[in-house]
Amino acid sequence: MTATVQTRARIGPVAANPYPWPYDGSVDAAHTALICIDWQVDFCGPGGYVDRMGYDIGLTRAGLPATARMLEHARATGMLVIHTREGHSPDLSDLPANKRWRSARIGAEIGSVGSTGRILVRGEPGWEIVPEVAPIPGEVLLDKPGKGAFYATNLDLVLRTNRITHIVLTGITTDVCVHTTMREANDRGYECLILSDCTGATDPSNHDAALHMVTMQGGVFGAVATSTAVIEGTTA
């Protein structure tokens with residue numbers, strides 16, 4: 001009887017800027033993580049933190065449809081899926097004074113009560129991930145108190161335990177939490193790809209500038225692509 005050999009999906013080369021991703025040609029999907037950063041009501045839902053600050057949540061929600069498709073692809077190909085949420089403990093003991101002061105100054109003080117509960121507080125409705133890209137059982141859900149997903153979390157341990165070498169990033173906001181996480185990951189040796197259609201910012205020029213910065217110096221933090229390019233660049 002001949003044994004059946006199962007092949008696993010490989011990603012790459014993906015049409016990306018400024019180089020075909022990944023740098024090493026292709027990667028087993030099992031060694032790749034899709035990180036979905038802060039798709040929370042507070043950042044892209046009515047009445048949340050971003051909405052309270054007066055920004056257009058249509059801009060932060062823009063990447064949701066493509067992210068939902070990318071999530072489906074990641075789940076089908078065996079990528080490790082990680083979701084992050086930014087928020088603070090109910091007693092605000094992990095909230096820096098300057099961060100609280102700045103949020104109060106623009107009318108959306110972290111910890112204050114709004115239509116989606118206390119702003120950026122763990123356990124509140126605004127802290128939850130929106131249903132379009134909600135986690136399913138078995139996916140990693142990581143809570144962070146700051147912008148970068150590596151700060152004060154076990155993200156690096158989770159990635160290394162699961163033998164992850166390559167990271168694909170989605171989320172909000174492109175210029176803050178996503179960019180900070182990409183920089184942190186790059187410094188730790190992970191090969192990173194940010195998806196332009198799966199991210200968004202409160203200002204379109206900031207979104208564009210954040211993506212452009214990635215492409216400088218031959219790909220200083222990694223590369224930029226679309227979710228369609230990743231899907232088309234995946235082989236069974």
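**The sheet and its strands**

User: Which residue in β8 is the bridge partner of isoleucine 37?

Analyst: This is a predicted model, where local features need pLDDT of at least 70, side-chain atom pairs count only at pLDDT 80 or more, and totals for chains, interfaces and linings use all residues. Residues are numbered from 1 along each chain as its sequence is written, and side-chain values use heavy atoms, leaving out hydrogens and water. Strands are DSSP runs (E, at least two residues; helices are H or I, at least four), numbered from the N terminus. Strand β3 (residues 32–37) pairs with β8 in the parallel sense over six bridges, and the partner of isoleucine 37 is glycine 171.

User: What stands opposite glycine 171 in β9?

Analyst: β8 and β9 (residues 191–200) run parallel, joined by six bridges. Pairing takes at least two bridges found by DSSP. Opposite glycine 171 stands threonine 199.

User: Is β8 mostly covered or uncovered?

Analyst: Buried means under 20% relative accessible area, exposed over 50%, partly exposed in between (1.4 Å probe, protein chains only). One side of β8 has His166, Val168, Thr170 and Ile172, the other Ile167, Leu169 and Gly171, all buried. With seven of its seven residues buried, β8 is mostly covered.

User: Which strands stand at the edges?

Analyst: Six strands form an open sheet with parallel pairing, in the order β7-β4-β3-β8-β9-β10. Two of them have a single partner strand each, so one side of each is left without a neighbour in the sheet. They are β7 (140–144) and β10 (223–225).
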